[in-house]
Amino acid sequence: MSSANTSNASVFHTEEYRIQQRLGVAERMNEQMKGFIRPFMPAQHRAFFCSSPFMMAGLVDSQGHPWAIPLWGDHTTVDDHHYIQSPSPTQLSLALNDNVTWLINDVALLDVNTGSKIALLGLQLSTRRRNRLNGLIMHNWGGVIRVQVEQSYGNCPQYIHPRDTLHRDVAPTLAASSSTNSNVKAQYVQSNGLMKKDVLLIARADTFYIASRHHDFTDDPRHGLDVSHRGGKPGFIYVDDSSLLFPDFSGNKFFNTLGNIESDGRVGLCFVDDSNGDILFVNGKASILWSHPKLEAFAGAERFVQVSIQDVTRVFSLYPFEHPIIERSINTEHTGVW
């Protein structure tokens, strides 16, 4: 969630609120959200975050472009999640695995300085539960990031496919080597477009994550980052060499992602290859297509989002989990494919 219209007291920023107005739900949403979006984590959310084997984060790089990036700690088993702690209802502490630190600092060049904006998404894929947190980095030292909560709230599970979370063997710790080491450089590849295997991964994906940002980062908690889950049938994303197109299904009517697209447009997408632990990052400029000839073929879709691809990064065999599907979300049953 992220800009405020000074003429209203909405918990949503200006562009989120305008989309709600466009669709005739603004007043209802503003009334429903009173007390729902909090400047602290309730006890249930604190326990949930601290039990999460992984989280998704939204952070910006040195150019201000958002990335959706997975976070995890040093696990011995999938049930050992002590890398996340909550010292108080307004703080989360994340002790990150060295590979995540390498990913943040050497590959994506993300801004994790004190005072920087961050968005977090906690997921329990087996139960389809998810909670959101937006805030500020108040401390970053020795691979430990402490976050000050600005907004905390739950989210609907509609398009999350129930999955297991299993440990996998991954590449040796990369951060042990210097970022100038050629062996480390060989662990990822960056380009301005998609390779053939990237296209295949996206075309068969049923899940991805998207980070977006408000144009202005200010002291207002509504001016910040968002990171969200997107799900559908395998094949719900249309992909070519220069762009992606995916349906935006009816959801909780917050319009966090769409509002940020209207405000700024820069987005970062994350896909995980469950077959080998590769992580694919696609950064680009997004726009909302309010009408489209194929819209009727995607039941539940209310518009499309198009992303013009600018940069692509594939990191090899780094993600330490695999998520075999338990069953398909019933909400995706009639949602269509390209």
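User: A charge sits over a ring if NZ of Lys or CZ of Arg is within 6 Å of the ring centre and within 35 degrees of the ring normal. Which ring does the charged end of Arg-22 sit over?

Analyst: The ring of Trp-290, with the charged end of Arg-22 3.9 Å from its centre. This is a predicted model, where local features need pLDDT of at least 70 and side-chain atom pairs count only at 80 or more, while totals for chains, interfaces and linings use all residues. Numbering runs from 1 along each chain as its sequence is written, and side-chain values use heavy atoms, without hydrogens or water.

User: Nice. And what about Arg-213, which face does it lie over?

Analyst: Arg-213 lies over the face of Phe-217, and the distance to the ring centre is 3.9 Å.

User: Switching to ring pairs, how many aromatic pairs are there?

Analyst: The whole structure has 14 (Phe, Tyr or six-membered Trp rings with centres within 6.5 Å; stacked under 30 degrees, edge-to-face over 60, tilted otherwise). One of them joins Phe-298 and Trp-338, a tilted pair at 5.1 Å centre to centre with 50° between the planes.

User: Where do those two sit in the chain?

Analyst: In distant parts, 40 residues apart: Phe-298 is in the loop between β15 (279-289) and β16, and Trp-338 is in the segment after β17 (321-322). Strands here are DSSP E runs of at least two residues, numbered from the N terminus.

User: Which rings form a cluster?

Analyst: Phe-54, Trp-72, Tyr-319 and Phe-321, linked by ring pairs.

Technical notes: Helices (H or I, at least four residues) and strands (E, at least two) are DSSP runs, numbered from the N terminus.
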